[in-house]
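Dear colleague,

I am handing over the structure below, together with some notes on what was found in it. Please look at the coordinates alongside the text as you read.

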Amino acid sequence: MEETKEQTAITKIIRERRAVKKGYNDKPVTKEVVFGLLEDAIWAPTHGMRQPWRFIFIGPEQKQSFAKQVAATYPEERQENREAYLNEPNAFLAVIMQVPETEKQYDENFGATACMIQNFWLLAWEKKLGVVWKTNPHIYHPKLKEILNVGEDEKIVGLLHLGYFDEEPVRKDRIPVVEKFSVFEG
């Protein structure tokens, strides 16, 4: 299958978006910018209109305190490394998901939350705000739920590391769809 379709604005941004894991500059990420992006990102598909997400912004002023508290969830010999790692981004957005009672609704909630994160990521990329969705071990630690005041019926889906960047990360090609596509024949 040869690729011949016209590249629309949305196609272009989907293909250009990258995970920005490092190389952030000093431009602060503000709660106003993040809030504005979320106002559009929440228009993701959501089963039963449950909109199972909520957000906690950790800005530049709170970042060091947050990094120190999160690093403390690791064994002592790893804490310094983890604290330095968590001080790299300019800000964080914790994405919290409501955990329902049924497996079906859990899958639906997670899918909706993932779609919302992708919307946020694409919108941020358009503004040259780098994002990477991190699921490091600390998001599963009960202490982080306590630090962020996350309820028993909620899950930390991830921490979005945020920061403006000057250099775009290298593009890594995808496996061609033709290698992943089949047709059910009965």
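The model is predicted, so local features are given only where pLDDT is at least 70 and side-chain atom pairs only at pLDDT 80 or more, whereas totals for chains, interfaces and linings use all residues. Residues are numbered from 1 along each chain as its sequence is written, and side-chain values use heavy atoms, with hydrogens and water left out.

The chain holds six helices and four strands, where helices (H or I, at least four residues) and strands (E, at least two) are DSSP runs numbered from the N terminus. From the N terminus on, these elements follow the order α-α-β-α-α-β-α-β-α-β. The C-alpha atoms fill a box of roughly 55 × 45 × 35 Å along the principal axes. Of the 186 residues, 39% are buried (under 20% relative accessible area, with exposed meaning over 50% and partly exposed in between, for a 1.4 Å probe and protein chains only).

The four strands form an open sheet in the order β1-β2-β4-β3, with antiparallel pairing; two strands pair if DSSP finds at least two bridges between them. The edges are β1 and β3 (129-134), each of which pairs on one side only. On average, neighbouring strands are turned by 25° against each other, direction ignored. Six bridges join the antiparallel strands β3 and β4, and L129 stands opposite Y164 in β4.

Helix α3 (residues 63-71) has the buried residues K63, F66, A67, V70 and A71. Seen down the axis of α3, these fall within an arc of 125°, so they line one face of the helix; the arc is that of the directions from the helix axis to the C-beta atoms. The face turned away from the buried side of α3 carries the exposed residues Q64 and K68. The cover over the buried residues of α3 includes β1 (53-58), α4 (76-86), β2 (91-98), α6 (142-147) and β4 (154-164), with contact meaning heavy atoms within 4.5 Å.

Finally, the axes of helix α1 (residues 9-16) and helix α5 (residues 103-126) come within 10 Å and cross at roughly 95°, the axes being lines fitted to C-alpha atoms over the stretch in contact and the angles running from 0 to 180 degrees between N-to-C directions. That makes α1 roughly perpendicular to α5, a term used for angles of 65 to 115 degrees. In this contact I13, I14 and E16 of α1 meet L122, W125 and E126 of α5.

Key
Parallel < 35°, antiparallel > 145°, perpendicular 65-115°, else oblique.
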